[in-house]
Amino acid sequence: MDFRFTEEQISFRDSLKKLCEETCKTSSIRSLWNSLERLDQARWSKLIDLGVVGSLIEKDEGGLGLTDIDLVLMAEESGYYALPEPLWEVALSGSILKYIPNNNEENWKARLANGDFFILTCHEINKFTPNADLADAFFLQDGDGLYFATKEEAKIIERDGLDPSQPIFEIKWKPKKSKRLMHRSESVEVWQEILNRGALFTSAQLLGLTQKVLDLSVDYVKSREQFGRAIGSFQAVKHLLANIQVKLEFARPVVYKAAYSLASNSSGRYRDVSYAKIVSSQVSKLASKTAIQSHGAIGYTWESDLQIFMKRIWFLDVMWGSSVWHLKRLEKEILSPSSEIGPGGTFV
Amino acid sequence: MDLRYTKQQESFRKEIRKWFKSNVPKEKLLSFDTKEGFEQHRNWEKKLSEGRWTAITWPKIYGGRDCDLIEWLIFEEEYYLANSPGRVNQNGIFLLGPTLIEYGTDEQKERFLPEMISGKEIWSQAWSEPNAGSDLAALQCKAIRKGDKYIINGQKTWSSRASFADWAFGLFRSDPNSNRHQGLSFLLFPLNAEGITIRPISQLDGEQGFAEIFFENAEVPVENLVGNEGDGWSITMATAGFERGLMLRSPARFQLTARKLVNLYLNKEKNASSGIREKVIQCCLDAEAYALNTYWTACKLIHGGKIGFEASTNKIFWSELDSEMHELAISLLEAEGSLGINDQISSEAVEWIKGFLFSLAGPIYAGTNEIQRNIIAERILGLPK
Ligand SMILES: Cc1cc2nc3c(=O)[nH]c(=O)nc-3n(C[C@H](O)[C@H](O)[C@H](O)COP(=O)(O)OP(=O)(O)OC[C@H]3O[C@@H](n4cnc5c(N)ncnc54)[C@H](O)[C@@H]3O)c2cc1C
């Protein structure tokens, strides 16, 4: 029993942190909002060099063959900086390559691992696909299986979204039998795995985002003065922020355990991932509410950087299954006389 | 990261399960806040010590098993699964014991630890005073050194188990001219000493769970001073850290309550109001989160990490969870009318009601949750005083 991350995992996280610290300032995020450029190319190529995009692709397919445990801290870190690029969505698509037969003429498998071919997965759990305009191709599911479609074969329609960094799209597409990668009998489980992994990465990002809005709030209340003293010295303000600290500390191990369960393909992974998504959604939403309250009116402005992180929280909250969806998914498992709830049930 | 138990851990679990299966009393013991129940629980402590189960994390030479924290967690899981009685000597075993092991002299360890392990001496703690609750540093009860004795005068209060216990440990002002955190000393004293009067206080449930302690020229030998004279505050903070932190409230306790809550919900589902379902699930998730956080912290500690002010987040989390679970149970019972005063009230309902009352004290004792939030805000988040 060892719940720690390895030094390697921590230093992998630290290298992403350094990259984000240097290249993903809020000014850079904002500049993309007003630009025709959809990606920060310099940042993106550094991210590619780091290997995250192909991290979940097996080594013999040209990837790094890493696991969810190796990545969860990085996903958390990318949330802290509200990284706009669809790093995790692309990495996610890589995770299912191993199930896909090697008969694709475009050789997109290798190109996906290299990061010069974006495949996004359009999962019906998500009402829309963020960043679809950046994709070269999509994985899609139809009644009879899992399909591949290039961007020319699918029509994408932009919809209004809340987070200016995450444009959202509806995908219209007609399945072509020749592009079916897997029959439904095989794809159902793969599709579930995608959902679990998407939810895990989302949960981890939500942890990072929570830490960020907490840090921003702490900095702000230390410096803002009213009644002749820092507002952070008022207990009503202190206790709001302390509550976030408590909930965040108790959410982290839940998300890390979910990463472990996915990586080890444990039978409890559905339950664990749903736990993770529920707690991370809860703490991050509470944190944004608290952050805006402790900022006062400045937090309610476009100018305040708080919006960058809060909007990402609200956006990720509904991705890969809302809390309500995940709660429904695990309620039968919990509310049953034979459920594992109870002493000794944590790691079975 | 590897979240599997080792073979040794699995077999340790089996060993515990086997022992408890044949040794946990078949009849539920009376409450340890009654004279008779107190003695029953003392016997249980004795029995535990015969199996060497009283304080498994203590070093072997003091009657422990040198277990690490993961083994301790396994032990606690089995302890609660077996529906074992509560620990009447928890102040001794989980708070004073570790304090003595860290700060006590060899003589003190030899004198006190074996009697603690065997249940022969049951301990209570004496920090609070009528005018020193949250603001413990305002305490006034004096212990002034005279020759090889300390002479104690003043009053302590809210001392859990003191109504029937044998010994107490507490914090006293040893320098009459000192202020606040300075000039305090940590002393051990027998509750039957001359000059000490115990006045039990009835709690919300009517039982005498805590007591006032009055001192009138009570004499305590200097051998009973823990640490140096004047260093009492830092030793007390270490003890309080054990209380808020890992050891006193093992996850198994809340996981068992969550399990019982699920069972209760399944029985009463028909009559339950619609919002309850989600809340019950949430409690189960929180009990799991508490367990995961404890395993997480335990792994950190085993590998040389330290527990700091996280102890305060811990205390808030478990006390609020416990309170929420019991409130839900009460609503579920209420929906069926089983809370009414009648002779058909089930023993299950009685247990929930008692648990509910006690859960209300969780956010108060061991430092109120408001004080914990102050600590988190100031010490972890770095907000100004
Ligand atoms: C069941 C039970 C068992 C106990 N067992 C023991 C024991 O064995 N030994 C022992 O020594 N003591 C024991 N206590 C006492 C306990 O430690 C104190 O009750 C606690 O420290 C609070 O002190 P108080 O009761 O004087 O409340 P007060 O300090 O008067 O507090 C009353 C309220 O004011 C709030 N408050 C006070 N100061 C602040 C502040 N600075 N900021 C914000 N809010 C504040 C508190 O949070 C609380 O809500 C026990 C208490 C209970 C309920």
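## Domains of chain A

In this predicted model, the domain assignment divides chain A into domain 1 (1-117), domain 2 (119-160 + 168-182) and domain 3 (188-335). The centres of domain 1 of chain A and domain 3 of chain A, taken over C-alpha atoms, are separated by 21 Å, and the two domains touch through 27 residues of domain 1 of chain A and 33 residues of domain 3 of chain A.

Between domain 1 of chain A and domain 3 of chain A, the buried area comes to about 2700 Å², with carbon and sulfur atoms giving 69% of it. On the side of domain 1 of chain A, the residues that lose the most area to domain 3 of chain A are Asp68(A), Glu76(A) and Tyr80(A), which together make up 25% of what that side buries.

## Domains of chain B

Chain B is likewise described by its domains, namely domain 1 (7-88), domain 2 (123-230) and domain 3 (249-380). The C-alpha centres of domain 2 of chain B and domain 3 of chain B are 31 Å apart, and the contact between these two draws on four residues from domain 2 of chain B and five residues from domain 3 of chain B.

The area buried between domain 2 of chain B and domain 3 of chain B is about 340 Å², and carbon and sulfur atoms contribute 68% of that area. Within domain 2 of chain B, Ser134(B), Leu204(B) and Asp205(B) lose the most area to domain 3 of chain B, and together they account for 84% of what that side buries.

## Where the two chains meet

Turning to the pairing of the chains, 54 residues of chain B are in contact with 45 residues of chain A. About 5000 Å² is buried between chain B and chain A, and 70% of this area comes from carbon and sulfur atoms. On the chain B side, Met1(B), Leu3(B) and Leu292(B) lose the most area to chain A, together giving 17% of what that side buries.

## The ligand and its surroundings

The ligand lies between chains A and B, and it is surrounded by 19 residues, of which the closest are Ser134(B), Trp158(B), Ser160(B), Thr368(B) and Glu370(B). Sorted by class, this shell holds eight nonpolar, 10 polar and one charged residues. In chain B, the elements β1 (123-126), β3 (149-160) and α11 (369-380) each supply at least two residues of the shell. Because domain 2 (123-230) and domain 3 (249-380) of chain B both give residues to the shell, the ligand also lies between these two domains.

From chain A, an N or O atom in the side chain of Gln235(A) is 2.8 Å from a nitrogen atom of the ligand. From chain B, a polar backbone atom of Ser128(B) is 2.7 Å from an oxygen atom of the ligand, and an N or O atom in the side chain of Glu370(B) is 2.7 Å from an oxygen atom of the ligand. Taken alone, the ligand exposes 960 Å², and the protein buries 67% of that area.

Conventions:
Residues are numbered from 1 along each chain as its sequence is written. Chains are lettered from A and ligands numbered from 1 in the order in which they are written. This is a predicted model: local features need pLDDT of at least 70, side-chain atom pairs count only at pLDDT 80 or more; totals for chains, interfaces and linings use all residues. Side-chain values use heavy atoms; hydrogens and water are left out. A residue is near a molecule or strand if one of its heavy atoms lies within 4 Å of it. A polar contact is a pair of N or O atoms within 3.5 Å; within protein, one must be able to donate a hydrogen and the other to accept it, and residues adjacent in sequence count only if both atoms are side-chain atoms. Accessible areas come from the Shrake-Rupley method with a 1.4 Å probe; for residues, only the protein chains shown count as cover. Helices (H or I, at least four residues) and strands (E, at least two) are DSSP runs, numbered from the N terminus. Ala, Val, Leu, Ile, Met, Phe, Trp, Tyr, Cys and Pro count as nonpolar, Asp, Glu, Lys and Arg as charged, and the others, Gly among them, as polar. Domain bounds come from an automatic or database domain assignment. Contact means heavy atoms within 4.5 Å. Buried area is the accessible area (1.4 Å probe) that two parts lose on being put together, summed over both.
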